[in-house]
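I'm opening my notebook on a new structure today. The plan is to start with the chain as a whole and then zoom in on a few residues.

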Amino acid sequence: MGKFIKAGRVVVMLQGRYAGKKAIVVKTYDDGSKARPFGHCMVAGIDRAPLKVTRKMSKKKITKRTKVKPFVKYVNYNHMMPTRYQVPAEMSPGSICTDQQMDTPDGRKEARKFAKSLFQEKFQNP
């Protein structure tokens with residue numbers, strides 16, 4: 001059987017703080033790395049999804065409710081469940097964050113900010 005966890009695959013987190021949350025695989029490390037000697041991948045996901053809005057709500061309330069809170073992290077393959085869904089190629093999941101960004105706290109913050117803008121834009125214009 002071939003490898004089916006590739007960049008762009010939608011997964012559901014099973015363990016930890018983000019259990020039950022959906023994420024997108026950004027990059028895979030099937031053979032592990034020096035720091036993490038096990039099969040894992042980098043994921044970008046949605047910690048807090050947008051809420052329902054109605055016509056009666058004020059503009060301020062609508063902007064507050066349509067915000068997306070993202071997360072970016074490394075995850076062991078055992079702690080996630082792949083789904084049958086994949087994001088379209090034009091969304092380019094590989095460009096969400098890099099290994100160099102994940103090394104520093106500022107880089108992770110920058111990656112989260114980019115993921116937020118990407119998810120927010122996709123929510124506004126599906």
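Predicted model: local features only at pLDDT ≥ 70, side-chain atom pairs only at ≥ 80, totals over all residues.

**Entry 1: the whole chain**

I started with the contacts. Among contacts with a separation of 6 or more in the chain, 60% are between residues 24 or more positions apart.

Next I looked up the elements. I found 3 helices and 5 strands, and from the N terminus on they run β-β-β-α-β-β-α-α. The C-alpha trace spans about 50 × 35 × 30 Å along its principal axes. Of the 126 residues in the chain, 37% are buried.

In what order do the 5 strands of the open sheet stand? I read it off as 4-3-2-1-5, with antiparallel pairing. Strand 4 and strand 5 (80-86) are at the edges, and each has a single partner strand, so one side of each has no neighbour in the sheet. Ignoring direction, neighbouring strands are turned by 35° against each other on average.

Then I checked some pairings. Strand 1 (residues 9-13) and strand 2 (residues 22-29) run antiparallel and are joined by 3 bridges. I found Val10 opposite Ile24 of strand 2. Strand 2 also pairs with strand 3 (residues 40-48), in the antiparallel sense, over 6 bridges. I noted two partners in strand 3: Cys41 is the bridge partner of Thr28, and Gly45 is the bridge partner of Ala23.

What packs on the sheet? Helix 3 does, touching strand 2, strand 3 and strand 4. The direction of helix 3 makes about 120° with that of strand 4.

**Entry 2: the cores**

A reminder to myself: in soluble globular proteins, nonpolar side chains tend to be buried together. So I went looking for nonpolar cores.

The largest one has 18 residues, and Met42, Val72 and Phe119 have the most contacts inside it. Strand 2, strand 3, strand 4 (69-76) and helix 3 (105-124) each give two or more residues to this core. Helix 3 gives the most, with 4 residues.

Leaving out residues up to four places away in sequence, Val72 touches Val43, Ala44, Cys97, Met102, Ala111, Arg112 and Ala115. Apart from this core lies another, of 12 residues, with Ile5, Val11, Val25 and Cys41 among them.

**Entry 3: helix 3**

Helix 3 has 20 residues, and from its first C-alpha to its last it reaches 28 Å, close to the 28 Å expected at 1.5 Å a residue. Which residues of helix 3 are buried? My list reads Gly107, Ala111, Ala115, Leu118, Phe119 and Gln120. The cover over those buried residues includes strand 2, strand 3, strand 4 and helix 2 (99-103).

**Entry 4: Gln101**

Gln101 lies in helix 2. Is Gln101 buried or exposed? Its relative accessible area is 17%, and buried means under 20%, so Gln101 counts as buried. The side chain of Gln101 reaches the backbone nitrogen of Thr98 at 3.1 Å. Leaving aside neighbours within four places in sequence, I found Gln101 in contact with Ile96, Gly107, Arg108, Glu110 and Ala111. Two of these names, Gly107 and Ala111, are on my list of buried residues in helix 3.

**Entry 5: His79**

Where is His79? I found His79 in the loop between strand 4 and strand 5. His79 counts as partly exposed because its relative accessibility is 34%, and that class runs between the 20% and 50% cut-offs.

**Entry 6: Ile46**

Last stop is Ile46, in strand 3. With 29% relative accessibility, Ile46 counts as partly exposed. Ile46 touches Lys21, Lys22, Val68, Lys69, Pro70, Phe71 and Phe119, with residues up to four places away in sequence left out. Phe119 is a name I had already written down, for its contacts inside the largest core. From Ile46 to Pro105 it is 59 residues in sequence, and 19 Å in space, C-alpha to C-alpha.

Definitions and conventions: Residues numbered from 1 in each chain as written. Heavy atoms only, no water. Pairing = 2+ DSSP bridges. Core = buried A, V, L, I, M, F, W, Y, C linked by side-chain atoms within 4.5 Å. Buried < 20%, exposed > 50% of the residue type's maximum accessible area, 1.4 Å probe, protein only. Contact = heavy atoms within 4.5 Å. Axes fitted to C-alpha atoms, helices over the stretch in contact; angles between N-to-C directions. Expected span 1.5 Å × (residues − 1). Polar contact = N/O pair within 3.5 Å; in protein donor to acceptor, adjacent residues only side chain to side chain.
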